[in-house]
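Reader: I have a model open and want to go through it piece by piece. Can you take my questions as they come?
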Amino acid sequence: MNSGTQPLLEVNNLSKHFGAVRALDDFSMVIQPGEVVALAGDNGAGKTTLIKTISGVFRPSSGEVKLKGEPVSFATPQEARDKGIETIYQDLALADNLSIGANIFLGREPMTRKLGFIPVLDRKKMADAARDTMALLDFHVSRMEAPVSNFSGGQRQAVAIGRAVYWNAQILIMDEPTAALGVPEQRKVISLIHQLKKQGRGIIFISHNLQDIFAVSDRIVVLRRGVMAGERKISETTHDEVVKLMVGG
Amino acid sequence: MTSSQINAPAEGEHVKPQADHADRAKTVVQRIADLRAWLFLAVLIVGFEAWSRLSFGGTFIFNGFNLQSIAIFAVAPLLLATGQTFVIISGGIDLSMGFIMGLAAVVAAHAINTFTPGLGLPLAVLLGGIIAVAVACIPGIINGLLVSRLKVPPFIGTLGMFGVARGVAFLLAGGTTVPVSNSFFATIGNGRIFNVPYIVIITAIFVLGMHYLLGQTRFGQHNYAIGANVKAASRCGINIKSHLLRLYILSAACAGLAGVLYAARFNAGAAQAGEPLLLDSVAAVVIGGASLFGGSGTIIGTVAGAFVIAVIQYGLVFVNVEPFWQFISVGVVIIISVLIDQAQRRFSGGRQDE
């Protein structure tokens, strides 16, 4: 889809070696705006190495990453985040005791002044931004000041995604976003991903759950032992074919 | 229970507002738990008032002298406890505060004695006080470096510094108490305005500042976040190392101020000034609603906790009970307080039982 437009993210001939181990070898892929690409593969296939290399945790041994046509190189995950590549980790990375707004702004809290001279946290701005952002994800909470520990797993996932969206992430890397959730919650996350797609963001979706992959992705990229084992449009493939690619049948 | 309450949303469908669940979770138990320090305080005051009227026919709480005494009693434990509140919220503990307080008291005594002939009374007090707090910050810096850079568990790192500060304080004091001869300092320690002791006013202003720091600034917000989830805080770009360093310096500075006020009140510096207060400070924080696992607690709660302890201690003396009952009473209050906290967690822990 959208093959004529400028790709959001290009990965060209990316390799990452740990000593003699080739965790990722000469791997290339492209993500278009509004596209959801599923990353599949058995344990140790190189999925994690790939996303860590894209998100600035690892430096590539060779190859390049281009963001909207510009070659980029990140020394830290923070740099990647500043450029709009956000990773949403399985363990959520939320401070449970803080509100949605405080979590969205964690580390970048807005300040205001009380009585004209005492600097204080701008809780109203945080709550307003949280409400707007969550509404953008079709997620409505009445008690914005409640700590996120009051919310369910799917809602907390939405908060983590909301944080990425607020800070204008263009590429969201989601590592097993549905793994720890019950079925209704999984459906909520899937519908969130559809929302993000509508907004023209690119999503890399890692999952072991083929049903989720088929429900949400446009394309699937299968890794095996650090190399591309195959790439299929979801509309043109089947569960069986994907499993075969994963196990190398 | 949580997940089953949420309608499985089709694409674009709204999730039910969470209000019902969140409000119901705020059960009576939780409300009691939030206010437990104040409830304890109310029960104690009513109890001592009744006891006092029945035994002596006099009032306990409507007596200005008693109120003053309780406030003065509370000063040092409260100062330690405010610093301890920050540390405990971050998920750590500072065991060295008691002897840092003693160290500061001894340094203040020496410094003020040294400066008084040359600088005059008030200036010597000011400079001596500043030097004492600055010296108190040194063990704080070491604590901070141990915990943040060398990853020493706070319990062990600050326990080591407990010993070091204790030894240094006794060495500086020559194994005895150091009397201060500066009448201005004595006035600060024992004088009052409109019947409110100066040291109580100084403490109140300081505690107010700490309340602001915890509740209204980035430092306070990051402190809560670190206590709840260090990994999350670090991923969000919070500099954990520098935060922890500043945190332990802050708690040492609180102990330093407590030491200076101690020296002012007793006109002497003593290395063992804060020895019995350390555990009182931890107790005040816990009674005040903080969790030793980190992530929760408030300065207001700690103030209530410190007053609970002060009222027990002073009240039992007032009604003429053997002082050893103080330990038992404070101990019982700590245990009840933690039990309430755990009951509350069981009732509100909706997330875990998904």
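This is a predicted model: local features need pLDDT of at least 70, side-chain atom pairs count only at pLDDT 80 or more; totals for chains, interfaces and linings use all residues.

Reader: Switching to sheets. What is the strand order in the open sheet of four strands in chain A?
Author: The order is 2-1-4-5, with antiparallel pairing. Strand 2 and strand 5 (70-72) sit at the edges, each pairing on one side only. On average, neighbouring strands are turned by 30° against each other, direction ignored.

Reader: How many bridges between strand 1 and strand 4 of chain A?
Author: Five, between strand 1 (residues 9-18) and strand 4 (residues 62-67), in the antiparallel sense. For A:Glu10, the bridge partner in strand 4 is A:Lys66. Helix 1 (residues 47-54) of chain A packs on this sheet and touches strand 1, strand 2 and strand 4. The direction of helix 1 makes about 65° with that of strand 2.

Reader: And the hairpin of strand 7 and strand 8 of chain A, how many residues are between them?
Author: Three, and A:Leu115 in the turn has a positive phi of about 55°. Strand 7 (residues 111-114) and strand 8 (residues 118-121) pair in the antiparallel sense over four bridges. A:Thr112 has A:Val120 as its bridge partner in strand 8.

Reader: Where is A:Gly34?
Author: In the loop between strand 2 (21-31) and strand 3 (36-40) of chain A. The C-alpha atoms of A:Gly34 and A:Arg22 are 31 Å apart, with the two residues twelve places apart along the chain.

Reader: Why does A:Gly34 count as partly exposed?
Author: Because A:Gly34 has 18 C-beta neighbours inside 10 Å, and buried would take 20 or more.

Reader: Last topic, the largest nonpolar core. Which residues touch the most other members?
Author: Among them are A:Phe205, B:Leu80 and B:Met101, in a core of 178 residues. Helix 13 (residues 240-266) of chain B gives the most to this core, with 17 residues. Domain 1 and domain 2 of chain A each supply at least three residues.

Reader: What does B:Leu80 touch?
Author: Leaving out residues up to four places away in sequence, its contacts include B:Met97, B:Met101, B:Cys254 and B:Leu277.

Methods: Residues are numbered from 1 along each chain as its sequence is written. Chains are lettered from A and ligands numbered from 1 in the order in which they are written. A nonpolar core is a set of buried Ala, Val, Leu, Ile, Met, Phe, Trp, Tyr and Cys residues joined through C-beta atoms within 7 Å. A residue is buried if 20 or more other C-beta atoms lie within 10 Å of its own, exposed if 12 or fewer, and partly exposed in between; C-beta atoms are placed from the backbone. Helices (H or I, at least four residues) and strands (E, at least two) are DSSP runs, numbered from the N terminus. Domain bounds come from an automatic or database domain assignment. Two residues are in contact if their C-beta atoms, placed from the backbone, lie within 7 Å. Two strands pair if DSSP finds at least two bridges between them. Axes are lines fitted to C-alpha atoms, for helices over the stretch in contact, and angles run from 0 to 180 degrees between N-to-C directions.
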